[in-house]
Amino acid sequence: MSPIPPNATCPCGSGKKYKKCCRPYHIRVPVPSPEALMRSRYTAYTASNMAYIMATTHPDSKWYREDPVKWEKELTRTTGDNEYLALVIHSAPAPDDDTGEVTFTATITQDGRDISFTEHSRFEKHNGIWKYVDGDISDAAE
């Protein structure tokens, strides 16, 4: 994992220092909203914090895996060479009690190739904690 210095600007695009933004969630402070979860997951990807990605994926998600060792290897293999350049939140309406949505664009390159995308994500609470379920992806250029 590539640690993010506490006083660095948080990669999630909030403009806040990491220690006042996504870091508390990475050390297991409960995430208060789908938008905060989306931002903290993006930041976890920038730091290769696959344990956080796994911990914040809903068990009903198609991305969830039962075997954490294989899952972490899969995540690392598919995202390890990515360079995360920017996150823009387009919409994050106030969530219902147990469900929420966030639309965002992630600007990412892999081996110098643009793999950016826009996603409309769905989140649900599981045992009272926000988790990522899935999303509909389109190219960022659309």
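Buried means under 20% relative accessible area, exposed means over 50%, and partly exposed lies in between, with a 1.4 Å probe and protein chains only.

**Ground rules.** I am looking at a predicted model, where local features need pLDDT of at least 70, side-chain atom pairs count only at pLDDT 80 or more, and totals for chains, interfaces and linings use all residues. Residues are numbered from 1 along each chain as its sequence is written, and side-chain values use heavy atoms, with hydrogens and water left out.

**Strand β2.** I started with β2, residues 99-110. Helices (H or I, at least four residues) and strands (E, at least two) are DSSP runs, numbered from the N terminus. Nine of the 12 residues of β2 are buried, so the strand is largely enclosed by the rest of the structure.

**Its partners.** Next I looked up pairing, which requires that DSSP finds at least two bridges between two strands. β2 pairs with β1 (residues 82-91) in the antiparallel sense over eight bridges, and E83 has T109 as its bridge partner. With β4 (residues 117-126), β2 also forms an antiparallel pair over eight bridges; here T99 stands opposite E124. Two bridges join β2 to the antiparallel β3 (residues 113-114), where T109 partners D114. I noted that the β2 and β3 hairpin has two residues between the strands, and that D111 takes a positive phi near 55° there.

**P24.** Then I turned to P24, found in helix α1 (residues 23-26). P24 counts as partly exposed because its relative accessibility is 22%. Leaving out residues up to four places away in sequence, P24 touches Y18, K19 and V29, where contact means heavy atoms within 4.5 Å.
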